[in-house]
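I opened this entry to note what I looked up in one structure. The chain as a whole comes before any single element.

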Amino acid sequence: LFKQSQSRLRYIADKVLQSSYDMFHREKNDMVDHLSALGLRHVGYGVPIELFGPFCDSCLQVIKPLIDELPKPESTTLVWCPADRAHQLAERDVPMHLMVEGFRWSLGLVSRVLMRTIVEGS
């Protein structure tokens, strides 16, 4: 499905991680300007917005096992999930769960800004 070189795929993966990080560390207006410019380039590349959902899902599938491999504390106490308070987690799993949810949120926001720019720019 991916018709580019392996080095290009790694470049894109690096940019995905950088954009996710930047969502938490850059000024909002700078980030929106950066993503809008990237979205306009996607218009020129002819990227269909239908591919953003599966791409985000695949990024999450890659990151989850990496986060699960991180060392965990020994506690087995159950606590309510701090993100939504809708379910309980083992206390030792809370940091990992929040890492995945933070990545999911930032990646979703990046993709929504890009998709909006593509729809408005085309």
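My notes on the chain and on one of its helices follow.

Overall layout. I am working from a predicted model. I looked up the secondary structure and found four helices and two strands. Reading along the sequence, I get the order α-α-α-β-β-α. I then took the extent of the C-alpha trace, which is about 50 × 30 × 25 Å along the principal axes.

Burial and contacts. I checked how much of the chain is buried: 28% of its 122 residues. Taking contacts between residues at least 6 apart in sequence, I found that 60% join residues at least 24 apart.

I looked up the charged side chains and have 14 positive and 15 negative, with the centres of the two sets 5 Å apart.

Helix H1. I next turned to H1, which covers residues 6-25 and has 20 residues. From first C-alpha to last, H1 reaches 29 Å, close to the 28 Å expected at 1.5 Å a residue. Which residues of H1 are buried? I listed Val 16, Ser 19, Ser 20, Asp 22 and Met 23. Seen down the axis of H1, these buried residues fall within an arc of 165°, so they line one face of the helix. What do the buried residues of H1 pack against? I found helix H2 (28-45), helix H3 (52-68) and helix H4 (94-121). On the face of H1 turned away from the buried side, I noted the exposed residues Ser 7, Arg 10 and His 25.

Technical notes: Residues are numbered from 1 along each chain as its sequence is written. This is a predicted model: local features need pLDDT of at least 70, side-chain atom pairs count only at pLDDT 80 or more; totals for chains, interfaces and linings use all residues. Side-chain values use heavy atoms; hydrogens and water are left out. Buried means under 20% relative accessible area, exposed over 50%, partly exposed in between (1.4 Å probe, protein chains only). Contact means heavy atoms within 4.5 Å. Lys and Arg count as positive and Asp and Glu as negative; His and the chain ends are not counted. The place of a charge is taken as NZ of Lys, CZ of Arg, CG of Asp or CD of Glu. The expected span of a helix is 1.5 Å times one less than its number of residues. The arc is that of the directions from the helix axis to the C-beta atoms.
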